[in-house]
Amino acid sequence: MIESDRNAEKTSRKQSEARRTLKLLKRLTLGFRARLDEDLRPLGITLAQLRVLHAIKSEATASGAQVARECSITPQTAHGLILRAEKNGWIVRQQDATNERRRIASLTATGEKLLQDTDVVVRKIEMDLWEGVKRSDLKAMNDLLEMAADRL
């Protein structure tokens, strides 16, 4: 085999492994989300609602538009999720003192408690997912994924 054939074969094997990595990442993401949705169901919250609550918690003056951007969803979807969260008593909304057209959302005590409860669920799934994996292996994987993500 000549040198160029060997290089082409090495490149092909690397591309094959790279595709496998991407497929596994997608499978992991979809599986994690499915498990999370299933385990959150008894708490009466979906993953989309949970993301909205986290966005509201992280932004002290969260408007619907800010929540939509933070969650990478449309303003219409964010509006529906915010209305549902308000109806469930997880958030309250009030007029913004500086802009009368804006309504600011904040978590209620019920919303805060729900986030604490969901955090327990997420941690349990993460523990199950990475059981038996050494921290050093996770760090090495994270370093590789970060390097690849930085190239996009």
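Arg-51, Val-52, Ala-55, Ile-56 and Ser-58 of helix α2 are in contact with Val-67, Glu-70 and Cys-71 of helix α3, where contact means heavy atoms within 4.5 Å. Sorted by class, this contact has 5 nonpolar, 1 polar and 2 charged residues. Here Ala, Val, Leu, Ile, Met, Phe, Trp, Tyr, Cys and Pro count as nonpolar, Asp, Glu, Lys and Arg as charged, and the others, Gly among them, as polar.

The model is predicted: local features need pLDDT of at least 70, side-chain atom pairs count only at pLDDT 80 or more, and totals for chains, interfaces and linings use all residues. Residues are numbered from 1 along each chain as its sequence is written, and side-chain values use heavy atoms, with hydrogens and water left out.

Helix α2 covers residues 47-58 and helix α3 residues 64-71; they pack at an angle of about 120° with their axes 9 Å apart. Helices (H or I, at least four residues) are DSSP runs numbered from the N terminus. Axes are lines fitted to C-alpha atoms, for helices over the stretch in contact, and angles run from 0 to 180 degrees between N-to-C directions. The crossing of α2 and α3 is right-handed; a crossing is left-handed if the near helix is turned anticlockwise from the far one by less than a right angle, and right-handed if clockwise.

**Salt bridges**

The structure holds 10 salt bridges, each a side-chain nitrogen of Lys or Arg within 4 Å of a carboxyl oxygen of Asp or Glu.

| Pair | N to O distance |
|---|---|
| Arg-13 and Glu-9 | 2.7 Å |
| Glu-112 and Lys-57 | 3.3 Å |
| Arg-123 and Asp-119 | 2.9 Å |

Arg-13 and Glu-9 both lie in helix α1 (residues 3-40), 4 residues apart, or about one turn of the helix. Arg-13 is partly exposed at 47% relative accessible area, and Glu-9 is partly exposed at 36%. Buried means under 20% relative accessible area, exposed over 50%, and partly exposed in between (1.4 Å probe, protein chains only).

The side chains of Glu-112 and Lys-57 also meet in a salt bridge. This pair links distant parts of the chain, with Glu-112 in helix α5 (residues 109-129) and Lys-57 in helix α2, 55 residues apart. Glu-112 is partly exposed at 31% relative accessibility, and Lys-57 is partly exposed at 47%.

Arg-123 and Asp-119 are 4 residues apart in helix α5, so about one helical turn separates them. Asp-119 is partly exposed, with a relative accessibility of 33%.

Salt bridges also link Arg-35, Asp-39, Lys-124 and Asp-128 in a network.

Key. Helices (H or I, at least four residues) and strands (E, at least two) are DSSP runs, numbered from the N terminus.
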